[in-house]
Amino acid sequence: MTSATVRMSHGSGKGNKELLETVVFPALIPGGVGTLEDAFIFDIPGRRFAFTTDSFVVSPLEFPGGDIGKLAACGTINDLAMMAAKPILLSVALVLEEGLDLQLLAKMLRSLSAVCSSQGVRIACGDTKVVDKGKADGMFITASGIGIVKVGISLSAANAKPGDAVLVSGGIGLHGITVLSRRANLHFASSAVSDCAPLFGISDALLSAAPFTRTMRDATRGGLAAVLCELAESSKVCIMIREDAVPVPAVVRGACAFLGMDPFHVANEGRFAAIVPPEQAESALAALRAHPQGRDAAIIGTVAGPGKFPVLLKTSIGGTRPLEMPPGDILPRIC
Ligand code: MG
């Protein structure tokens, strides 16, 4: 069903899928889209590249563990990293609201630049637009990136096969709970720190240890649930997850219990899921755990043949329930 106007629920989960399939893709790509990946892969003779873009509208602009600048660099770098690409170039487009403090703007841009420097990424081009007060919320950033794909690696969301192992790189939900707690002054979650971080180092370590990895995806909007549903649907398989095996930090567990939210639906900016063939699962896990960002990494489930639901969760009390995409944007403006 196509609605007459854009709703907040179009921002992620099922609502976002509906917006893309009914309005965006038919208008932009009338020939139809293939498998949706984190970045577009293309060849220039002798080299394979990845190309991606992302917009950042997080509110508030600063939060424990990050800010909109760090988020823009990490989010774009991570979509390249998830396609086995070493990020090399970034474009940065700014929409600035009249009245934005110039010192704050400089701080956000230094933060973006620091991530790029640490990752060997060059900021190659950009754009700046200013809009009237009240027409934007401080600042929005759009960043596009290009990376060079690791030789011999071929990843796709359509590659998962029955028998594969499903891994997560660390505890889930910290980014979403951190931004929400700062926005809503939730004192019980004030110790939360965002997981926002560039993932190329840890994802590259995983690929070196498990070169037959099928696919990776950073668990951003819609959380781990949305990512697992997307991967299962693209590969036409059912993913079986053991709830007990999924690392959920205590502050996330507590906040979600209080707010009636599912930690699987909460956004991350420095966590990813990987699907690897069974014979490489242990080496993949060891590589993740050996990295400072992956100490809490875990094997959380397995891939089965197609079923009634894309993702099934074996709960800690012994039952089984479908793990679904969040219906819409339960936490808007999180990235
Ligand atoms: Mg992504």
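What follows is a set of questions and answers on a predicted model.

Me: How are α4 and α7 oriented to each other: roughly parallel, roughly antiparallel, roughly perpendicular or oblique?

Reply: Helix α4 covers residues 174–184 and helix α7 covers residues 250–259. Their axes lie 10 Å apart, at an angle of about 60°. Angles from 65 to 115 degrees would count as roughly perpendicular, and those under 35 as roughly parallel. The two helices are therefore oblique.

Me: Is the crossing of α4 and α7 left-handed or right-handed, and which residues make the contact?

Reply: α4 passes α7 in a left-handed crossing. On the α7 side, the contact uses Val251, Val252, Ala255, Cys256 and Leu259. On the α4 side, the residues are Leu174, Ile177 and Leu180.

Me: How are α5 and α8 oriented: roughly parallel or roughly antiparallel?

Reply: α5 spans 200–209, and helix α8 spans residues 281–290. They pack with axes 8 Å apart, at an angle of about 150°. Angles over 145 degrees count as roughly antiparallel. That makes α5, relative to α8, roughly antiparallel.

Me: Which residues of α8 make the contact with α5, and how many of the contact residues are nonpolar?

Reply: α5 passes α8 in a right-handed crossing. α5 brings Ile202, Ala205, Leu206 and Ala209, and α8 brings Ser283, Ala284, Ala287 and Leu288. The contact has 1 polar residue and no charged one. Its nonpolar count is 7.

Me: How far apart are the axes of α2 and α3, and how many charged residues are in their contact?

Reply: Helix α2 (residues 68–81) packs on helix α3 (residues 102–119) at about 35°, with the axes 6 Å apart. α2 uses Ile68, Gly69, Lys70, Ala72, Ala73, Cys74 and Ile77. α3 answers with Met108, Ser111, Leu112, Val115, Cys116 and Gln119. The tally is 9 nonpolar, 3 polar and, for charged, 1.

Me: Where does the chain have a cis peptide bond?

Reply: Look in the loop between β2 (47–56) and β3, where proline 60 sits. Omega is about 0° at this bond. The cis bond joins serine 59 and proline 60.

Me: What does proline 64 touch beyond its sequence neighbours?

Reply: Proline 64 is in the loop between β3 (62–63) and β4 (66–67). Its C-alpha atom is 5.1 Å from that of valine 193, although 129 residues separate the two along the chain. Leaving out residues up to four places away, proline 64 touches Thr178, Arg182, Ala192, Val193 and Ser194.

Me: What is the phi of asparagine 185?

Reply: Asparagine 185 lies in the loop between α4 and α5. The residue is not a glycine, yet its phi is positive. The value is about 55°.

Me: How much space lies in the largest cavity?

Reply: The structure holds 1 cavity of 30 Å³ or more. Its lining is Ser12, Arg221, Gly222, His265, Ala267, Pro326, Gly328, Asp329, Ile330, Leu331 and Ile334. By class, that is 5 nonpolar, 4 polar and 2 charged residues. The space is about 60 Å³.

Me: Which helix gives the largest share of the lining of the second largest pocket?

Reply: This pocket holds about 160 Å³. Of its 13 lining residues, Glu243, Val248, Arg253, Pro263 and Phe264 lie nearest the centre. The lining divides into 7 nonpolar, 1 polar and 5 charged. The largest share, 3 residues, comes from α7.

Key
Residues numbered from 1 in each chain as written. Predicted model: local features only at pLDDT ≥ 70, side-chain atom pairs only at ≥ 80, totals over all residues. Heavy atoms only, no water. Axes fitted to C-alpha atoms, helices over the stretch in contact; angles between N-to-C directions. Helix = DSSP H or I, 4+ residues; strand = E, 2+ residues; numbered from the N terminus. Left-handed = near helix turned anticlockwise from the far one by under 90°. Contact = heavy atoms within 4.5 Å. 1 Å grid on protein atoms, 1.4 Å probe; cavity = no way out; pocket = protein on both sides within 12 Å on 5 of 7 lines; lining within 4 Å. Points joined across faces, edges and corners; volume = space filled by probe spheres on them. Nonpolar A, V, L, I, M, F, W, Y, C, P; charged D, E, K, R; others polar.
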